[in-house]
Structures are given as structure tokens and as C-alpha cells.
Amino acid sequence: MREHASFTLSNSVLEDVDTEEYILYSDLHTHLELALQTLPASYRESFEMNRFEGLKYKEIAERLNVSERTVEVRIGKALELLRMQLKDFCPSLLLLLLS
């Protein structure tokens, strides 16, 4: 019986941490989706193809019929804009990663 109580108490702490992480992740995901929608279409398209579809710059350039350098610039600008829009999440992400 003591073992069960000990197990339950230790797991409830873990559940609280998991819940906090889930809420933070969910909130960040929502804000990321909103931030992506504010990007110019060409930036968003290149960024999503690279980050979500796993395509390399050369593959993106071929699909979009633009130069690799154009893709590189678009993704760089997208990252810059996303960093600015999501800057409020940096401290929370650091805490999450360090815990």
C-alpha cells in the first residue's frame, strides 16, 4: 500500500510537468501557426517546404522555379520575422529545455 501511495505521488508530479509542457507546446504551436500566416506567401511556402516537408534548398528551388539563393533568402527572412514574433516564448522555451 505504501508503494502504491509513493508511486501515485511521484507520478502526479510528473503529470503536472507533462501538463505544463503540453500547455506550453500547445500555446507555442498556436502562436507559430498565427505567425506563419503573417509571413509573405513566398517566405511561408519556402519555409514550410524546408522545415515541415524536409526539402533541401535545391529541391525547393526546382519546385518553385527560382534560384537556390532566392530560397535561402526567403527562409532567412522567414526565420527573422518568426523570431521577432515569437520572442516572448524564448524564456519559456529555455525553462522547458532546462527542466
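Predicted model: local features only at pLDDT ≥ 70, side-chain atom pairs only at ≥ 80, totals over all residues.
1. On the overall layout, the protein chain contains 5 helices and 0 strands, so that the order of elements from the N terminus on reads α-α-α-α-α. Of the 99 residues in the protein chain, 19% are buried. Among the contacts in the protein chain with a separation of 6 or more, 56% are between residues 24 or more positions apart.

2. Helix α2 covers residues 41–51, and its buried residues are S46, F47, M49 and N50. When α2 is viewed down its axis, these buried residues fall within an arc of 165 degrees, and they therefore line one face of the helix.

3. N50, in helix α2, deserves a separate remark. Is N50 buried or exposed? Its relative accessible area is 17%, and N50 is buried because this value falls under the 20% cut-off. Not counting residues up to four places away in sequence, N50 touches L55, Y57, I60 and I75.

4. The packing of α2 against α4 (residues 68–85) can be described from the two axes, which come within 8 Å and cross at roughly 95 degrees; the two helices are therefore roughly perpendicular to each other. From α2, the residues S42, Y43, S46, F47, N50 and R51 take part, and they meet R74, I75, K77, A78, L79, L81 and L82 in α4. Sorted by class, this contact of α2 with α4 has 7 nonpolar, 3 polar and 3 charged residues.

5. Helix α4 also packs against α3, and here the axes come within 8 Å and cross at roughly 110 degrees, which makes α3 roughly perpendicular to α4. The residues that meet are Y57, K58, I60, A61 and L64 in α3 and E68, V71, E72, R74 and I75 in α4. By class, the contact of α3 with α4 divides into 6 nonpolar, no polar and 4 charged residues. R74 and I75 of α4 are listed in this contact, and R74 and I75 are likewise listed in the contact of α4 with α2.

6. The phi of N65 is near 60 degrees, a positive value in a residue other than glycine. Where does N65 lie? N65 is in the loop between α3, which covers residues 57–64, and α4, and N65 is exposed, with a relative accessible area of 71%.

7. A last point concerns R69, which is found in helix α4 and which counts as exposed at 52% relative accessibility. Between R69 and K58 the separation is 11 residues in sequence and 9.2 Å in space, taken from C-alpha to C-alpha. K58 itself is among the α3 residues that meet α4.

Conventions: Residues numbered from 1 in each chain as written. Heavy atoms only, no water. Buried < 20%, exposed > 50% of the residue type's maximum accessible area, 1.4 Å probe, protein only. Helix = DSSP H or I, 4+ residues; strand = E, 2+ residues; numbered from the N terminus. Arc of directions from axis to C-beta. Axes fitted to C-alpha atoms, helices over the stretch in contact; angles between N-to-C directions. Parallel < 35°, antiparallel > 145°, perpendicular 65-115°, else oblique. Contact = heavy atoms within 4.5 Å. Nonpolar A, V, L, I, M, F, W, Y, C, P; charged D, E, K, R; others polar.
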